[in-house]
Amino acid sequence: QVQLVESGGGLVQPGGSLRLSCAASGFTFRLYAMSWYRQAPGKERELVASITSAGYTTNYADSVKGRFTISRDNTKNTVYLQMNSLKPEDTAVYSCNVRYSGTYYWGQGTQVTVAS
């Protein structure tokens, strides 16, 4: 079955950096677009970034453009989110997502806290 496992979250100071990873299994990873979402306390889940199957095209929320970079390694079945110049408003649970066979699948999420 499809499984997505996020890692790399933690506590970081404003202006710092963090790299999230999402390990995927249960489907042919290289054929599917992948996305990162986040959800802050009391707020709706927000699309942060997405990447096409081969990694040639990426999209970002306006709030993270220029600071975050999504990438993937299809030989490792892993998608990454490099987060630089972090701000307190980036604090959220970050989850990766794939639409496979008409169904959306989610990982359990990893907590990112930006605070001094």
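What is the handedness of the disulfide between Cys 22 and Cys 96, and why?

**Entry 1: the disulfide.** I looked up the torsion about the S-S bond of Cys 22 and Cys 96; it is about 50 degrees, so the disulfide is right-handed. I noted that the model is predicted: local features need pLDDT of at least 70, side-chain atom pairs count only at pLDDT 80 or more, and totals for chains, interfaces and linings use all residues. Residues are numbered from 1 along each chain as its sequence is written, and side-chain values use heavy atoms, with hydrogens and water left out.

I applied the rule that a disulfide is a pair of cysteine sulfur atoms within 2.5 Å, and the count came to one. The S to S distance between Cys 22 and Cys 96 is 1.9 Å. Cys 22 lies in strand 3 (residues 18-25) and Cys 96 in strand 9 (residues 92-100), so the bond ties together parts that are 74 residues apart in sequence. A disulfide is a covalent bond between the sulfur atoms of two cysteines.

I then checked accessibility, where buried means under 20% relative accessible area, exposed over 50%, and partly exposed in between (1.4 Å probe, protein chains only). Cys 22 is buried at 0%, and Cys 96 is likewise buried at 0%.

**Entry 2: the fold.** I counted zero helices and 11 strands in the chain. Helices (H or I, at least four residues) and strands (E, at least two) are DSSP runs, numbered from the N terminus. The radius of gyration is 13 Å, close to the 13 Å that the globule rule gives for 116 residues, so the chain is as compact as a globular protein of that length. This radius is taken over C-alpha atoms, and the globule rule is 2.2 Å times the number of residues to the power 0.38. I recorded that buried residues make up 40% of the 116 residues.

**Entry 3: the core.** Which residues touch the most other members of the largest nonpolar core? I found Trp 36, Val 79, Leu 81, Met 83 and Tyr 94, in a core of 29 residues. Strands that each supply at least two residues of this core include strand 3, strand 4 (34-39), strand 8 (78-83) and strand 9. A nonpolar core is a set of buried Ala, Val, Leu, Ile, Met, Phe, Trp, Tyr and Cys residues joined through side-chain atoms within 4.5 Å.

**Entry 4: the rings.** I searched the whole structure and found six aromatic pairs. Rings of Phe, Tyr and Trp (its six-membered ring) pair if their centres lie within 6.5 Å; planes under 30 degrees apart count as stacked, over 60 as edge-to-face and the rest as tilted. One of the pairs is Phe 27 with Phe 29, tilted, at 6.2 Å centre to centre and 50 degrees between the planes. Both of these residues, Phe 27 and Phe 29, are buried. Tyr 100 and Tyr 105 also form a tilted pair, at 6.4 Å and 55 degrees. Tyr 100 is partly exposed, at 23%. Ring pairs link Phe 27, Phe 29, Tyr 32, Tyr 100 and Tyr 105 into a cluster.

I also looked for charges over rings (NZ of Lys or CZ of Arg within 6 Å of the ring centre and within 35 degrees of the ring normal). The charged end of Arg 72 sits over the ring of Phe 29, 4.3 Å from its centre. The charged end of Arg 45 sits over the ring of Trp 106, 3.6 Å from its centre.
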